[in-house]
Amino acid sequence: MRPPICDICDNSELCKDTQLDLIYFAKTDADEEWYELAQKPGFVGHPPNAKWICGDHRQRALELKSTTTSEAMQALRKAHHDKLNPSFWQKVKGLLGIS
């Protein structure tokens, strides 16, 4: 198993809820192969469809559980990036006090 570090923000100091959950996304064919190999004695590893997620990203991650890990991580990272780096027009609206 990998250590509990958020796969979205790396436990950034910007995230308020540091409680981590291991969330499993939909398995791909490659994931299924990993699970077959994991049945062998002595096998060690972290499930490819399991990601550590902090509380700031938990709700959205749970909504994406039926998607593959790749799809979910892309959506979650985009949302996190957009939160940290608002668009030019969002910044202008903020400076002008416009919602």
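Helix α2 passes helix α3 in a right-handed crossing (the near helix is turned clockwise from the far one by less than a right angle). The model is predicted, and local features need pLDDT of at least 70, side-chain atom pairs count only at pLDDT 80 or more, and totals for chains, interfaces and linings use all residues. Residues are numbered from 1 along each chain as its sequence is written, and side-chain values use heavy atoms, with hydrogens and water left out.

The axes of α2 (residues 55-63) and α3 (residues 69-84) come within 10 Å and cross at roughly 135°. α2 is therefore oblique to α3 (angles under 35 degrees count as roughly parallel, over 145 as roughly antiparallel, 65 to 115 as roughly perpendicular and the rest as oblique). On the α2 side, D56, H57, R60 and A61 meet L76, H80 and K83 of α3, contact being heavy atoms within 4.5 Å. By class, this contact of α2 with α3 has 2 nonpolar, 2 polar and 3 charged residues.

The protein chain contains 4 helices and 2 strands (DSSP runs of H or I, at least four residues, and of E, at least two). Along the sequence these follow the pattern β-α-β-α-α-α. The radius of gyration of the protein chain is 17 Å, whereas a compact globule of 99 residues would have one near 13 Å. The C-alpha atoms fill a box of roughly 60 × 25 × 15 Å along the principal axes.

Mean pLDDT (the predictor's confidence in each residue, from 0 to 100) is 88 for the protein chain, and 92% of the residues score at least 70. Confidence is highest in helix α1 (residues 29-37), at 97, and lowest in helix α4 (residues 88-96), at a mean of 74.

Note on methods
Axes fitted to C-alpha atoms, helices over the stretch in contact; angles between N-to-C directions. Nonpolar A, V, L, I, M, F, W, Y, C, P; charged D, E, K, R; others polar. Rg over C-alpha atoms; globule rule 2.2 N^0.38 Å.
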